[in-house]
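Thanks for coming, everyone. Let me put the structure up, and then I'll walk through it.

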Amino acid sequence: MREYRQLNPTRQVCDKNFGICRLFLTFATYSSIPKYDMRRYFVSSLFLAFCVTLCATVDFDTHFSDNTLRLDYSFCGDRASQQVFLDELIVSEGWYGRRVNLDRLLLDGNGQVIVTDTLGHDTLYIYSFSTLFQEWLTYEESTRVRRSFENSLLVPFPRHAVDVTVRLFDTHHRVTACLTHRVNPSDILIRHAGERHERWRYVLRNGDSKEKIDVAFVAEGYTEREMGTFYKDCDVAIKSILSHEPFKSMSDRFNFIAVPSPSAQSGITVPHDGKWLDTALKSHYDTFYTDRYLTTLKVKNLHNILAGIPYEHIFILANTETYGGGGIYNSYTISSVHNSRSLPVIVHEFGHAFGGLADEYFYDDMDECWYPADTEPWEPNITTLVDFSLKWRDMLSPSALQSIPTKADGKEVYTRIGVYEGAGYQSKGAYRPVQECRMKINEAPAFCPVCQRAIRRMIEYHTDEQ
Ligand SMILES: [Zn+2]
């Protein structure tokens, strides 16, 4: 599913200075250095050593308590201008997110939230994400109406006053909206939530959530009487994900949780059939008038249901046979489970939301430019060749390097790494690593080697101090 496209060049400068640590983050985003580019590697290594000296690893317990600060924002505007507004602060019991690499990014994303000390010198926590709001900005509707979208961002609860900055980017990596606000942990108006959901349970538990990646499966469109089906569907979805590398060989780094949130009615809303149902998460097809695009815009409600439950990544299981789903990087995955093609879709969408992977498919008649020719996309599995060394250049054979773009000849379509033109919805100017991948077609049996490496790095980023 599409997770993002952005045409708006409007620039709004965010003048927050994150100092040398921020520079390090930018560098750390691109950790792939080809062996043959030794000069660059040498200079980069010096820079890295310099930054590491200045940026000691952030100690979790020094700066944060074992609770979650949920930051609710409204992302508002139209194609001409966008703003970020603070809605509410909420504290809930337990912190189930990342406890390593607190001040480092792996992927830039389409937006970032950054927690700094009040002097703005040190980054204490950072993560990146994508939003439906930014995708909506690419549609014609955004030229004639201003809309607002809910977004809930989770950070560990600070022990001392901190500044929180949220910023959104366009596809040129330019800041289009930015908000910085102070959070005082003793603020009496931080709402307390986190009454533990009575009925959540582990489906697969490999260890303490402090050391594992916690993925919560949330029921959507299941009535109270259908929760037995929901638990079975959780098993099927988890097996499907864990049958794919690198999830398969790194499965012991995950915990999976089932949250049986009941719906008043069974099934999922399908607007193009005139079918509207009362469901727990208010999801629906036809997002942005694309029939198979299933999402929920009620993000705060989703997090209300999950408050106090061990969750770091969210997977919404939709009780329907209608084909479709959606995956938004570091926001949530949603997929139907009862369609004959649901299993590959479940894995594909999780590739977006967990791995930050781009779609590798394209349309021959796509006129819009989703990935501008002057900018290297942040997604690890596509390139515009602006800075290919940041991507999978080191995985190419010398002969493959001599023939870019690679000719798609229909042989070894899942495994032979090259630079094949056509990716990210556009047939020209964007390139993918293999001819066919899980991020391109449902028939592909696996993620391609480049996507596998990207997911492996993401799992390690969540679980190993680097
Ligand atoms: Zn791939």
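First, a term: two strands pair if DSSP finds at least two bridges between them. Helices (H or I, at least four residues) and strands (E, at least two) are DSSP runs, numbered from the N terminus. This is a predicted model: local features need pLDDT of at least 70, side-chain atom pairs count only at pLDDT 80 or more, and totals for chains, interfaces and linings use all residues. Residues are numbered from 1 along each chain as its sequence is written.

Start with a hairpin. Strand S6 (residues 162-169) and strand S7 (residues 175-183) pair antiparallel, over eight bridges. Val162 has Val183 of S7 as its bridge partner. Five residues sit between the two strands, and in this hairpin His173 takes a positive phi near 65 degrees.

Now the overall count. The protein chain has nine helices and 17 strands. Of its 466 residues, 47% count as buried. Buried means that 20 or more other C-beta atoms lie within 10 Å of the residue's own; exposed means 12 or fewer, partly exposed is in between, and C-beta atoms are placed from the backbone. Contacts use those C-beta positions too: two residues touch if their C-beta atoms lie within 7 Å. Among contacts between residues at least 6 apart in sequence, 68% join residues at least 24 apart.

On to strand S10, residues 213-220. How many of its eight residues are buried? Eight of eight. Ile213, Val215, Phe217 and Ala219 point one way; Asp214, Ala216, Val218 and Glu220 point the other way. In a regular strand the side chains alternate between the two faces of the sheet.

Next, the partners of S10. Strand S11 (residues 254-259) pairs with S10 in the parallel sense, over six bridges. There, Ala216 has Ile257 as its bridge partner. Strand S12 (residues 313-318) also runs parallel to S10, joined by six bridges. Val218 stands opposite Ile316 in S12. S10, helix H5 (residues 227-242) and S11 make a right-handed β-α-β unit. Right-handed means that, with the strands pointing away from the viewer, the path from the first strand over the helix to the second runs clockwise.

Now the cores. A nonpolar core is a set of buried Ala, Val, Leu, Ile, Met, Phe, Trp, Tyr and Cys residues joined through C-beta atoms within 7 Å. The largest has 84 residues, and Ala216, Phe217, Val259 and Leu317 touch the most other members. S10 gives the most to this core, with six residues. Where does the core lie? Domain 1 (19-192) and domain 2 (201-353) both give residues to this core, so it lies between them. Those bounds come from an automatic or database domain assignment. Apart from this core lies another, of 22 residues, among them Tyr420, Val434, Phe447 and Cys451.

Then helix H6, residues 299-306. Its buried residues are Val299, Leu302, His303 and Leu306. Seen down the axis of H6, they fall within an arc of 95 degrees, so they line one face of the helix. That arc is taken from the directions from the helix axis to the C-beta atoms. The buried residues of H6 pack against several strands, including S10, S11 and S12. Just after H6, Gly308 takes a positive phi of about 85 degrees.

Last, an open sheet of three strands, with the order S15-S17-S16 and mixed pairing. Strand S15 (362-363) and strand S16 (420-423) stand at the edges, each with a single partner strand, so one side of each is left without a neighbour in the sheet.
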